Amino acid sequence: MSYKKWFIALATAAVSVSCFAEFEYNHSPQRPLFTLDNTFPRWKQVEVGGMYHFEETNDGFTSRDRHEVIPYARYGLLKNLAVTVEAPFVTQDQFDGDSKSGIGDLSVGFQLLAWEDIFRYPFIIPYAEVNLPTGDEDDLIGRGTTTFEFGLNYGNKMYDYVTCILKAGALVDSENGNQLLLAASFIFHIDDDFDLLAEVNYEDENDLAPASVVITGGMSYNWTEQWQMGAHVGGGVSGDTEVIGDVRVSYSF
């Protein structure tokens, strides 16, 4: 092999190694609200954080507010497999104007970056989670039954600065009825630390609520390599949800 061919081969290998190194350390927290993107904790890395969720609903007769403070943790079992735990504390307005508070339904889930192109796009992320009935059903804090959610996320890049993610999933609830879950997220990359988001989420009807479509806008910002925050706000196009809002802060180490 000529020196020119050796030089080309070595240069190509060096570029590939640098790309892999950059992709392997793409360990920011999740940015979308309704889908999963291909930012995963490294192997044995821990991500902890908290989210405040607000939702105002109206079923045509009564308007109710729901507040959730959700501590969570995400751990890198492998470089492409993460386990998540969420333990919400819920305050739920009642029909008579009173409010009840307590621990909500505990959630444990797994996220797998099953496939990712060498340049990080496209990617495929299946996920599964179980929600335990630790919340009080009578106070509308929990669902009162164990539920299972699973689905698949597919993401790709558009115009070099927009990531599009599509999700199809299902919620299995033997007591209140199963639900089809569909979502789409669009992440507009402003720079390395700042992203804007637009999302739409669909949930099928069950015994607890009619079918709903919710649209949100949001942002994600990396203060440092360890600290990140995100915020989302939106409303319902159909269904009981009128206003929805989320604020999240996370720390990785």
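Reader: Could you start with strand β2: which residue in β2 is the bridge partner of asparagine 58?

Author: A word on the background comes before the answer. This is a predicted model, in which local features need pLDDT of at least 70 and side-chain atom pairs count only at pLDDT 80 or more, while totals for chains, interfaces and linings use all residues. Residues are numbered from 1 along each chain as its sequence is written, and side-chain values use heavy atoms, with hydrogens and water left out.

Now to your question: the partner of asparagine 58 in β2 is serine 63. Strands here are DSSP runs of E with at least two residues, and helices are runs of H or I with at least four residues, numbered from the N terminus. Two strands pair if DSSP finds at least two bridges between them. By that rule, β1 (residues 46-58) and β2 (residues 63-78) are antiparallel partners, with 13 bridges. Together β1 and β2 make a hairpin, and four residues lie between them. Look at glycine 60 in that turn: its phi is positive, about 100 degrees.

Follow β2 onwards and you will meet other partners. Strand β4 (residues 89-93) pairs with β2 in the antiparallel sense over four bridges, and here glutamate 68 stands opposite valine 90 of β4. Strand β3 (residues 81-86) is also antiparallel to β2, with six bridges. In that pairing, glycine 76 stands opposite alanine 82 of β3. β2 and β3 form a hairpin too, with two residues between them. As you look along a strand, keep a general rule in mind: in a regular strand, side chains alternate between the two faces of the sheet.

Glutamine 228 counts as buried because its relative accessibility is 1%; buried means under 20% relative accessible area, exposed over 50%, and partly exposed in between, using a 1.4 Å probe and protein chains only. Its side chain has a polar contact of 2.9 Å with that of serine 220 and one of 3.0 Å with that of arginine 248. A polar contact is a pair of N or O atoms within 3.5 Å; within protein, one must be able to donate a hydrogen and the other to accept it, and residues adjacent in sequence count only if both atoms are side-chain atoms.

Finally, the whole protein: its secondary structure comes to one helix and 15 strands, and 40% of its 253 residues count as buried.
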